Amino acid sequence: MRTPPFHDGNVHHLLESRLINFPYDVNCGLQMHSSLIRRLSQERELEAHQGCVNAVAWNSKGSLLISGSDDSQVNIWSYSGRKLLHSIDTGHSGNIFCTKFVPETSDELVVSGAGDSQVRLFNLSRLSGRKRDDGAISPSAVYQCHTKRVKKLAVEVGNPNVVWSASEDGTLRQHDFREGTSCPPAGTPHPECRNILLDLRCGGKRSLADPPKHTLALKSCDISSTRPHLLLVGGNDAFARLYDRRMLPPLTSSGKRMSPPPCVNYFCPMHLSDSKPQMQLTHVTFSPTGEEVLLSYSGEHVYLMDVDCANGSAMKYTSGDTLKLLHFTPVLNRVEDQLPVSNVVQNGFERRSITAARPEKCMMLIEIAKKSLEEGNDHFYAIEACNEVLERYGSDVGPTIMHECLCTRAALLLKRNWKNDAHMAIRDCYNARGIDGSSVRAHYYMSEALEQLEKLKEALEFAMAAQCLAPSDNMVAEKVESIKNKIAAEEAEKNNNRSEPRFEPWTRRVLSLSEILHHSEPNSDAFQDGPRFEREDSDYDDEVEFNFETQISGDEGRDVESNVLHGSLNLRIHRGSNSLCESPPTSSQNDKSSHQPEAVIDMKRRFVGHCNVRTDIKQTSFLGQRGEYVASGSDDGRWLIWEKQTGRLIKMLRGDEAVVNCVQCHPFDCVVATSGIDSTIKIWTPTASIPSIVAGGSAGPETADVLKAMEDNQKRMQFNRRAMFAHELLEQIQMHEGSLHPFECVQS
């Protein structure tokens with residue numbers, strides 16, 4: 001299938017634009033131009049670390065690169081010489097997860113955060129006159145007030161005095177270098193630091209409708225470079241949160257768990273707001289312009305969202321809107337009721353391409369997609385063709401073309417059936433029904449999508465509506481009959497289960513998990529402890545390992561024995577109480593009924609093809625000064641680049657033997673640094689002789705290998721969805737052992 005041209009044209013046109021009065025920064029456009037990205041290949045491998053490299057970051061000038069590793073070393077690299085300048089023995093007793101240059105300090109101050117719950121500050125000027133391998137310098141400051149792993153650091157452009165740290169203890173702390181050089185460990189008799197900017201130990205939400213009451217273990221945070229008062233955080237639930245630092249209460253200590261402060265916006269794709277099992281964010285970040293955010297989920301895709309709703313491109317929803325989307329209601333033909341389909345970037349090149357766009361070109365792309373649908377192949381590229389019409393030319397095509405494209409893309413998504421493709425098809429059908437309320441295809445594909453999601457009653461509503469619109473359509477009649485048969489079989493199975501004797505597996509008199517761990521009955525005084533404010537790590541002083549086995553549905557042709565998942569799970573069980581929020585003493589039922597769910601900003605675009613299930617530090621990032629491309633690491637050792645405007649995959653590169661976690665673009669040049677499980681850092685530059693979607697151009701892997709890699713990644717995510725892995729197993733244990741919470745899985 002012939003691929004459509006890229007949004008930024010070619011370099012010749014870009015350079016030619018300098019000769020006329022053209023309101024476009026050519027240097028920014030050249031940094032990450034599609035012709036350069038498609039030539040990216042590995043130029044250098046930086047070797048010095050002895051463990052996984054969990055963090056890489058450039059300084060503001062792009063002259064230095066900093067990295068942090070499991071070996072507790074922080075290394076400083078020269079960009080021009082591609083060589084190691086300094087190696088700092090940080091003294092951390094845990095893996096380093098984050099490290100940064102402190103702005104406006106002539107790159108002399110660097111900061112690191114690690115699994116030992118500490119944040120450490122170092123002055124590189126103390127290394128002057130020392131040999132490169134002599135990095136044993138004492139830190140300028142040590143902050144020990146966190147009680148769990150520090151996963152992310154944030155700095156503010158132009159501020160040399162403050163760094164922010166996000167930890168799995170549910171707090172985001174503000175460390176001011178002017179106030180002190182150290183702080184005592186949490187739980188000691190010394191006065192605690194009053195440096196908690198965000199206390200989210202009671203801020204986690206199970207779903208959109210539930211009130212926040214669980215500890216939100218923070219995994220990521222970011223500060224907007226254009227509006228530094230805006231702070232973005234994400235953790236072990238589905239919702240990223242945007243805060244205005246000017247509106248937050250004064251800094252507090254950890255003596256009391258406070259109710260979470262109100263945030264400016266929540267971000268979450270609508271279909272993930274009530275997902276089971278619960279989602280977890282691994283990375284959140286602002287775009288270079290500060291107008292958009294990227295969210296990366298464990299076991300999910302990467303999502304793009306608008307920060308502001310004022311421009312009309314972002315859509316907010318509540319819990320009631322999710323039901324509205326899935327249930328049949330007659331609609332009027334009103335295009336303005338659609339979910340957002342397109343948000344065209346209005347720079348000079350986009351205006352020119354839209355002006356030149358003709359309906360004939362869009363119809364040609366739709367015909368290509370429809371042919372692929374009929375032949376049953378190339379679904380991925382057919383969907384990209386539809387994306388090209390809807391995302392690039394959506395504001396320039398009429399409702400007839402838009403309706404045709406929406407229905408075609410919905411059908412292709414259902415055929416491809418990657419993770420959450422059915423939810424995307426539902427969105428397209430909803431929009432298509434908004435254009436044409438009597439569309440048989442929109443109703444039919446909506447019923448098929450709901451059937452894939454096992455929402456049979458809702459699927460039947462839409463199938464019967466399609467039958468009313470087309471009584472003589474045999475395919476629609478067969479769909480109605482098929483869904484009715486499935487509902488009847490489901491009801492019969494329920495009736496059979498009611499008539500059979502039931503066995504309660506958890507009521508037999510055997511030692512319960514709580515008895516094994518606590519050596520006492522579940523209702524004994526050991527479970528009635530009041531609030532405890534000592535170091536939270538001490539609550540995890542019971543550890544148990546047990547084996548589990550679960551049956552999963554496998555691919556056709558796979559061995560039966562290989563469909564049985566064997567494994568062992570190592571757990572640390574929290575013995576204390578998790579309900580320590582400062583709130584009036586009311587029942588949880590009353591709390592839930594009085595809680596008014598907040599409106600949430602929905603997704604604008606989805607980027608598919610990677611896999612994110614093995615690590616909780618996997619990054620996604622914008623490439624270029626304008627952020628026109630999106631990149632992410634993957635569990636298959638590759639990293640991927642998509643065009644932001646359309647979600648189109650334009651590059652896939654092998655960056656690690658196991659997992660790529662970090663992807664960081666140079667501030668000004670077309671250079672990218674990546675790292676992961678390997679102990680090396682890879683530097684990528686546009687040095688390939690031939691442009692290609694893969695490394696090596698024509699000498700590299702074929703396009704078919706790219707599709708296979710993406711399909712394998714989808715299988716990995718579906719596999720982890722079906723199998724009873726750690727977090728799902730913990731939920732089941734928690735359901736039966738209500739006195740034990742929260743649970744923490746210790747991953748090796």
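A crossing of two helices is left-handed if the near helix is turned anticlockwise from the far one by less than a right angle. With that in hand, here are some close-ups of this predicted model.

**View 1. Helices α11 and α12 cross in the left-handed sense.** Helix α11 spans residues 456-469 and helix α12 spans residues 474-499; they pack at an angle of about 155 degrees, and their axes lie 9 Å apart. Because angles over 145 degrees count as roughly antiparallel, α11 is roughly antiparallel to α12. On the α11 side, the contact includes Leu456, Leu460, Ala463 and Met464. Among the α12 residues that meet them are Val476, Val480, Ile483 and Ile487, along with Lys484 and Glu490. Sorted by class, this contact has 11 nonpolar, one polar and five charged residues.

**View 2. Strands β4 and β5 form a hairpin.** Six bridges pair β4 (residues 73-78) with β5 (residues 83-89) in the antiparallel sense.

**View 3. An open sheet has four strands in the order β19-β20-β21-β26.** The pairing in this sheet is antiparallel. Its edge strands, β19 (281-286) and β26 (605-607), each pair on one side only. Ignoring direction, neighbouring strands are turned by 20 degrees against each other on average.

How values were computed. Residues numbered from 1 in each chain as written. Predicted model: local features only at pLDDT ≥ 70, side-chain atom pairs only at ≥ 80, totals over all residues. Heavy atoms only, no water. Axes fitted to C-alpha atoms, helices over the stretch in contact; angles between N-to-C directions. Helix = DSSP H or I, 4+ residues; strand = E, 2+ residues; numbered from the N terminus. Parallel < 35°, antiparallel > 145°, perpendicular 65-115°, else oblique. Contact = heavy atoms within 4.5 Å. Nonpolar A, V, L, I, M, F, W, Y, C, P; charged D, E, K, R; others polar. Pairing = 2+ DSSP bridges.
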